[in-house]
Each structure stands twice: as C-alpha cells, then as structure tokens.
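Here are a few notes to read alongside the model. Take them one at a time, with the structure open next to you.

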Amino acid sequence: MSSELPDGWTDDTLTHAKWAEAVRVGTLLGQRCRSCDHVVATPKSVCVDCTGRELSTIELPTTGTVYSETTIEVTPVGQDDRYQVAIVDLGETRVLGQISGDVEIDDEVSLSGHVEYEGMPGPTFSPVE
Amino acid sequence: MSRASIVGAGMTTFGSHGAVALHELFAQAALPALDDAGVSQADVDALYLGNTSAAVSENDTHLGPKAAAQIGLTGVPTQRFEDACATSAMATKHAVHAIEAGIHDVVLVGGVERCTPQSGLSTPEMTKVFASAASRQYEQPVGLTFPGVFALMTKRHMHEYGTTKEHLADVAVKNHYHGSLNPRAQHGEEITRETVFEGPLIADPFHLYDCCPFSDGASAIVLVSDEYADSFDQPVDINGIGHASGGVPLAEQASVTMTQAARDAAGQAYDQADLTAEDVDFCEVHDCFTGAEILATEAVGLFEDGDGGPAASEGRTRLGGEVPVNPSGGLKAKGHPIGATGTAQLVELTDQLRGEAGDRQVDSPSVGLAHNLGGEAATTVVTLMEARA
C-alpha cells in the first residue's frame, strides 16, 4: 500500500514541517538514534551514523556555545541587509542560527526566537549575560 | 595506463562576456578544444556538459542538445551535470568512466556559466542563486550565503590553528600575482595586503578581495581512451579521479575545517594513480575564498593541518616555490563561472604539463592535481594528471 510508512517510521517521525512548527514556538527538536545514541539537530530518515531506522524525536537544549560565527554583509534578496550567523554547539549536536546581538566563538547563547524567510523559520540565538 | 587522456583543451577568457547566449559562449571554448586536439565533429562520440545555475538564473535548461546543435554535434548523446561548483569536474568523472568502460572513445567535456550582471541578475539576486546549494530548510532561512559558509569554516580554522587574516590576504596577493601572468584571467592586476584589508567586508573575515568574483566563461577538454591517446600530439593523462561527498547541513559535520570529502576524494585519486601528495609538483585548488585555499592545501595533503596559512605567507605555494598552488590565478583571480571551473582547472593542468603556460609556467612539472568542490565542500572531485612519457 502506498500509504504505508517505510520500515521503522511512525507518525511521530520528525519531519521538517514538525521541526519548523517547533522552532516557531521556541523549541528545538532533533533526533536520537535508539541503536547508537547519535544525535542530530535536523531531521533525517535514518541515523546518519549507523543507518538505524529507530529514531526518537527529542527536545534539544536551547542553550549552547558558539562554535563558529560570521557577520554577513552581502545578503540574498529577501533577507535583511546585515546579520550575524553562528553554528551553535548544543553538546551532542550543532545547529545554525541567526544571532540577535554580537557574539564570538565560545560565547554562551540561548534560543531567543526565530526569523522567517520564504515561509520557513530559522532559529535565533542571543548572548547569555 | 591512464584512465583517460586529454588531447585538446580550450577556454574563453573569464570575466564579463556581454549579451552572449550560453550555447554561444560554450562554442567559444569547445571549438578551440576540438581544434587543439585536431579532431572533427565526426570523431566525437558524446558531449558531457556542466552548467550549474541557468535553470534558476536564466530559465535556460536542457543545455546539452542546445550546445551540441550550436557546434555541429547534433545526434551524439549528450547530458548536462549540476553539482554546484563541482559541476564540470563531475562531468569529467563520468566521461572518464564511460571511456574506461569502452562506451565512448572520444568525449567533449566542458562547462559554461554566466554569473556577472550580464546574466540579468543583481548581486543580491545572484547571491540568492548561489545560496540555493545550501540547505533549503535549515540554512537558507537563517540567511547563510556562500561567503558565509566559508567564513564559518575559516573562522573555526583561525580559532583552532591560529590562522591569521594576514595568511588569508597573502593567498589573495599570490593568486592575483599569478593572475597577472594569465591573459585569460578576470583579474590581471596585482594587489597588496592593504588592498585586501581596505576592501569592504563581505562576511568576516573575508573582505572583497578574499572572495572570487562573479564571472562569465566556458571551458572544454577533449578526452580520449588511453589506447587512442597515442595517436595524438602531447596527450596528458588522467591517472586518478576521486570523488566523495560530505554531510549537509554544515553545522552537523564532525569538523568544518577538515573538508572530509576532499580528503576522501584525494585518497582515492592518489591510490588510483599510485602517487602521494609528495609527488605533486603543482595544483589548481578551489579557492572560492582565500580560506578555502588554505583548507584545500591541507585536505589534499600538501601541508599538515594548520600549516596551510603559514605556507602561503612563506611563499611555498607561489610560482617558484616548492609547490605552486593556483598558477592560473585560481578562482580568486582567474574567475569562477561556476559550471566552467572544473574543466578550466584541467585546461590549466594540461597547459602546464605540456609546458605551454607561458609566463606562469611551473618549472618542468610532471604531476598536477586539481581539487574542485561544490556546496559546503559537500561534493569534492580530485584529479591527478601526468604528462605522457
């Protein structure tokens, strides 16, 4: 039957649509592999580490440290004129976010909202005082 | 025995080409490549063509038959490749496989792209087109651009290894010097560190002169089987071509400084050619940004991790140095018409290995390496070429 989900999938399987819905209400969802415990911050169809198909949807920490950052001064049409982006280390995985404020590598940041672009959200982080 | 051999090479100048159509621009590289090889259209078994962005930027798709018809190749099998900035290296890889498998004996391979405002798109519009290679769901909404991708990689490299903005600027200064010796380069002017530092920021640490330009251009090679190559003057052998991919999005890569796909692709190419990094006399690497060249020279094994920046500043990668990197000027100074870049690197390797590179000739090279990456270094193709003894 074409409506059947692939092996190992359930209605709870994390998709971009569910991830985006969560970002909009201030939550970061990820996946933990039930076989090897590998964690990712963006939904996959299998574990990228061991190809296991049993993945638990988990809430990721909303604070982390800046792994790398840059301020983008020449931006795509439809985006703001200038903004900082950072890869945020959440401990077991990392996620890309826009920065509200000004941060350097190793600074602590926390999830503070989101930006919207072409109908899709991106997480925003702010420095932790 | 080679996997395949290049017997003809041609390319346009890189820069602005005015109101030329893509298939017309490709002809300006393809016909010189056929003439260089001394083959006629009747000898060509297939066309493998690279173009990255025209579907989005120019509403121009199905370029294979259009390009074939323009140069009298109607009827031959043709296909078009898109793998971000690694597009025409990918076309080359598939052509090598087809030749090696005995499916074709003579293949015309090349790429063509228009990225300057002549394409009709402004800088913010073209910046968006380039960003299409980043994750649509997890990177584009955040506003990541390609200068941004390589800035994130480079700033982490600076943090981990102490790479400096002076090291970055020295890559640009070197490649502009090399470009000043290349009549086909978009940027033929020499610059200094101060030129770099005084330029506007694009995505820190990159100033304008840390970044390759938007370019129009085309490149082409004629590829033949090992056996057939002996009947040509000055064949240059492809003895290894490795290809690997890496994870997207960038944030989830185990390391953003390793460019693991490049290490994997280089390992494959060295194994196929029975060579090591120590055998490489010069290379063309994908210096879309100054930091990208430093990461690339480490990934293909020319320098230990962290030594790529100092090596550039010490002149080890300059013409006359121990291993010249990007004698053509690289993407930085020669230009980067995306889909044409991979085969343009092989045109440079061919010219150098034949001893026909003029003022920028590397001293008697026997082994050249090309490193062409796409996206967040998530696709990389590494090619090893040798002059036929």
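1. First, a term you'll need: two strands count as a pair if DSSP finds at least two bridges between them. With that in hand, look at strand 1 and strand 2 (residues 39–40) of chain A, which pair in the antiparallel sense over 2 bridges. Keep in mind that this is a predicted model.

2. Stay with that pair for a moment. A:Q31 sits opposite A:V40 of strand 2 of chain A. In the hairpin that strand 1 and strand 2 of chain A make, 5 residues lie between the strands.

3. Which strand does strand 1 of chain A join through 5 bridges? That's strand 3 (residues 55–59) of chain A, and the two run antiparallel. To find your place, pick A:G30, which stands opposite A:I58 in strand 3 of chain A.

4. Is strand 1 (residues 29–33) of chain A mostly covered or mostly open? Mostly covered: 4 of its 5 residues are buried. As a handy rule when you look at any strand, side chains in a regular one alternate between the two faces of the sheet.

5. Now zoom out to all of chain A. It has 1 helix and 8 strands, and along the sequence the pattern reads α-β-β-β-β-β-β-β-β.

6. How much of chain A counts as buried? The figure is 47% of its 129 residues. The accessible surface of chain A comes to about 6400 Å², and 44% of that belongs to carbon and sulfur atoms. As for contacts in chain A between residues at least 6 apart in sequence, 46% join residues at least 24 apart.

7. Over to chain B, where helix 7 (residues 165–180) packs with helix 11 (residues 290–299) at an angle of about 95°, their axes 8 Å apart. Angles from 65 to 115 degrees count as roughly perpendicular, and therefore helix 7 and helix 11 of chain B are roughly perpendicular to each other. On the helix 7 side of chain B, the contact is made by B:H167, B:L168, B:V171, B:A172, B:K174 and B:N175. Helix 11 of chain B brings B:T290, B:G291, B:E293 and B:I294. Sorted by class, this contact of helix 7 with helix 11 of chain B has 4 nonpolar, 4 polar and 2 charged residues.

Conventions. Residues are numbered from 1 along each chain as its sequence is written. Chains are lettered from A and ligands numbered from 1 in the order in which they are written. This is a predicted model: local features need pLDDT of at least 70, side-chain atom pairs count only at pLDDT 80 or more; totals for chains, interfaces and linings use all residues. Side-chain values use heavy atoms; hydrogens and water are left out. Buried means under 20% relative accessible area, exposed over 50%, partly exposed in between (1.4 Å probe, protein chains only). Axes are lines fitted to C-alpha atoms, for helices over the stretch in contact, and angles run from 0 to 180 degrees between N-to-C directions. Angles under 35 degrees count as roughly parallel, over 145 as roughly antiparallel, 65 to 115 as roughly perpendicular and the rest as oblique. Contact means heavy atoms within 4.5 Å. Ala, Val, Leu, Ile, Met, Phe, Trp, Tyr, Cys and Pro count as nonpolar, Asp, Glu, Lys and Arg as charged, and the others, Gly among them, as polar. Accessible areas come from the Shrake-Rupley method with a 1.4 Å probe; for residues, only the protein chains shown count as cover.
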